Amino acid sequence: GTVIACAICTNGFLCPPGSIVANPPAAACPKGYYCTSTTVNGVDLFVMNACNAGSYGTTEGATTQLAACTTCPAGTYCTIKGMTVPIACPRGAYCTSGSSNIIKCASGTYNPKTGSTTSAACIACPIGNYCPVGSYEPVPCDPGYYCPINSVSVVAGNKCPQGTYSSVSPIG
């Protein structure tokens, strides 16, 4: 009898069980991945590789990382492998090119905008307010306290001194 072997699929295609062609159009490697095949010790292996965190994939049927994966642009971030759409950087942070995580604005600053690309988007916290790390808007200083520019919190050292008071927020 004649033995007919199954051949490995074309790079860039998944070939589900029972496939009759090497490159079934409905089985292209999905976006966010690139698909390759190789032979190791006489065994045909199919490998589906995810785009790394910090990048995303927009191409179906890709066979290389270069063809499949695009660096997340500044102002966005890509947290996990295999992403197909970058996430806009949130308020209170900025994201550089290739970010897999946000970079929160430093304490004493805030950023009211989404999609920021540099730390220059983090604005000095105004007098009469304080801004903890990652703030997207200033927080009014508590009654009985004063908050100079770039305040990071209401601290005991910022209590109104003896002979003064503050009953309304914010004050400078």
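**Fold and packing of the predicted chain**

Read from the N terminus, the elements run β-β-β-α-β-β-β-β-β-β-β-β-β. That makes one helix and twelve strands, with helices (H or I, at least four residues) and strands (E, at least two) taken as DSSP runs. This is a predicted model, in which local features need pLDDT of at least 70 and side-chain atom pairs count only at pLDDT 80 or more, while totals for chains, interfaces and linings use all residues. Residues are numbered from 1 along each chain as its sequence is written, and side-chain values use heavy atoms, with hydrogens and water left out.

As for overall shape, the C-alpha trace spans about 105 × 25 × 20 Å along its principal axes. The radius of gyration comes out at 27 Å, whereas a compact globule of 172 residues would sit near 16 Å; the value is taken over C-alpha atoms, and the globule rule is 2.2 Å times the number of residues to the power 0.38.

Of the contacts (heavy atoms within 4.5 Å) with a separation of 6 or more, 39% come from residues 24 or more positions apart.

The largest nonpolar core has five residues, namely Tyr-34, Cys-51, Ala-62, Ala-68 and Cys-69. Such a core is a set of buried Ala, Val, Leu, Ile, Met, Phe, Trp, Tyr and Cys residues joined through side-chain atoms within 4.5 Å. Leaving aside residues up to four places away in sequence, Tyr-34 touches Cys-29, Val-47, Met-48, Asn-49, Ala-50, Ala-62, Thr-63, Thr-64, Gln-65, Ala-68 and Cys-69.

Conventions
Buried means under 20% relative accessible area, exposed over 50%, partly exposed in between (1.4 Å probe, protein chains only).
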